[in-house]
Amino acid sequence: MGKLGVIIVAAGKGSRMGTAESKQYLQLGQKPILVHTLQLFQNIQEVHEIILVVGEHDLDRCRGYVQDYGLSKTTHVLAGGAERQDSVRRGLDSLQQGTDWVLVHDGVRPFVKKEHVFDCLEKAKEQDAAVLAVPVKDTIKVVDSAKRIQSTPDRRSLWAIQTPQAFRLSLLQEAHERASQESFIGTDDAMLVERLGTTVHVVEGDYYNIKITTPEDLPWAEWILNHVRGEGQL
Ligand SMILES: Nc1ccn([C@@H]2O[C@H](COP(=O)(O)OP(=O)(O)OP(=O)(O)O)[C@@H](O)[C@H]2O)c(=O)n1
Ligand SMILES: C[C@](O)(CO)[C@H](O)COP(=O)(O)O
């Protein structure tokens, strides 16, 4: 079956949140946002190891989380790079021998449902590459730099892409290698795999799997924690 590794990327600056403390370290209920995310994957039996990628200055703090919260599957805490893609690449380079499958997940998505993680992984095991996503609810326009609408894509074909994103490890390694050779930077891992000409499958998740990005996401995150997911019930 092969081992399953998880890369949690949390080396971003959180500039859109605008808080003094990077958003992944903000308190959500009883714990920092990042700890919620790590505990979620810690509690998935199929996960062999978790590689945590963080900012250079946060290595000690995160190693402390590993101790304090008993995150025994977090085998490495590494410094990330300038772009999310660089952080994922560093994580890929640290996965243990014998890993065949990898999940890449944002440290600031603490509400993914376990059932959806399994659905995504199962699809990847059938098809090599799968990502969680939800259909978009708004009408999306393509707008130019002068704020003029250029076109309106058919909403039925638009999905908002989330994480985790699940891949056969060798495929994701090849995708990162190619992107690096061609100096391509993408905003998610699926983009890099798509560039190889490989089909990436979408698995429907839910709208609670938010990426905590801007200040208005914080009260929404508290609400999800208190009314939908509940501490320890993710
Ligand atoms: N160089 C980077 C940039 C982002 N990330 C991580 O990728 C995830 C998704 O990125 P995003 O929400 O954009 O986080 P930030 O880059 O921190 O946010 P911003 O763009 O507002 O600065 C986050 O968990 C973030 O920490 C990372 O590991 N390394
Ligand atoms: C990977 C991701 O979360 C999928 O929605 C997203 O692309 C990260 O993008 P960001 O620009 O780093 O927020």
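Colleague: How should I read the pairing of S1 and strand S4 (residues 49–54): which sense does it have, and over how many bridges?

Modeller: Strands of a sheet pair through backbone hydrogen bonds, either parallel or antiparallel. In this predicted model, S1 and S4 take the parallel sense, with six bridges between them. As for residues, isoleucine 7 stands opposite isoleucine 51 in S4.

Colleague: What is the order of the strands in the open sheet?

Modeller: The sheet has seven strands in the order S5-S4-S1-S6-S10-S7-S11, and the pairing is mixed. Strand S5 (74–79) and strand S11 (201–204) are the edges; each has a single partner strand, so one side of each lacks a neighbour in the sheet. On average, neighbouring strands are turned by 25° against each other, direction ignored.

Colleague: Which strands does S7 pair with, and in what sense?

Modeller: S7 runs antiparallel to S10, joined by six bridges, and parallel to S11, over four bridges. Alanine 130 shows both pairings: this residue stands opposite alanine 166 in S10, and in S11 its bridge partner is histidine 201.

Colleague: How many residues of S7 are buried?

Modeller: Burial is read from a neighbour count, with 20 or more C-beta atoms within 10 Å as the cut-off for buried. Five of the seven residues in S7 are buried, so the strand is mostly covered.

Colleague: Which strands does helix H4 (residues 114–127) lie across?

Modeller: H4 lies across strand S6 (99–106), strand S7 (129–135), S10 and S11, and runs at about 135° to S7. Helix H5 (residues 169–181) also packs on the sheet, where it touches S6, S7 and S10; the direction of H5 makes about 115° with that of S10.

Colleague: Is valine 202 buried, exposed or partly exposed?

Modeller: Valine 202 sits in strand S11. This residue has 17 C-beta neighbours inside 10 Å, so valine 202 counts as partly exposed. Leaving out residues up to four places away in sequence, valine 202 touches Val131, Ala133 and Trp159. Tryptophan 159 is 43 residues from valine 202 in sequence, yet the two C-alpha atoms are 8.6 Å apart.

Colleague: How far apart are the end C-alpha atoms of helix H7 (residues 217–229)?

Modeller: They are only 16 Å apart for 13 residues, short of the 18 Å that a straight helix would reach at 1.5 Å a residue.

Colleague: Which residues of H7 are buried?

Modeller: An α-helix has 3.6 residues a turn, so residues three or four places apart point the same way. In H7 the buried residues are Ala221, Leu225 and Arg229. Their cover includes strand S2 (27–28).

Colleague: Which residues come nearest to ligand 1?

Modeller: There are 21 residues around ligand 1, and Val9, Ala11, Gly12, Arg16 and Ser87 come nearest.

Colleague: What residues are around ligand 2, and which strand gives the most to the shell?

Modeller: The residues around ligand 2 are Arg84, Asp106, Ile161, Gln162, Thr163, Thr187, Asp188 and Lys211. Strand S10 (residues 159–168) gives the most, with three residues.

How values were computed:
Residues are numbered from 1 along each chain as its sequence is written. Chains are lettered from A and ligands numbered from 1 in the order in which they are written. This is a predicted model: local features need pLDDT of at least 70, side-chain atom pairs count only at pLDDT 80 or more; totals for chains, interfaces and linings use all residues. A residue is near a molecule or strand if its C-beta atom, placed from the backbone, lies within 6 Å of it. Helices (H or I, at least four residues) and strands (E, at least two) are DSSP runs, numbered from the N terminus. The expected span of a helix is 1.5 Å times one less than its number of residues. A residue is buried if 20 or more other C-beta atoms lie within 10 Å of its own, exposed if 12 or fewer, and partly exposed in between; C-beta atoms are placed from the backbone. Two residues are in contact if their C-beta atoms, placed from the backbone, lie within 7 Å. Two strands pair if DSSP finds at least two bridges between them. Axes are lines fitted to C-alpha atoms, for helices over the stretch in contact, and angles run from 0 to 180 degrees between N-to-C directions.
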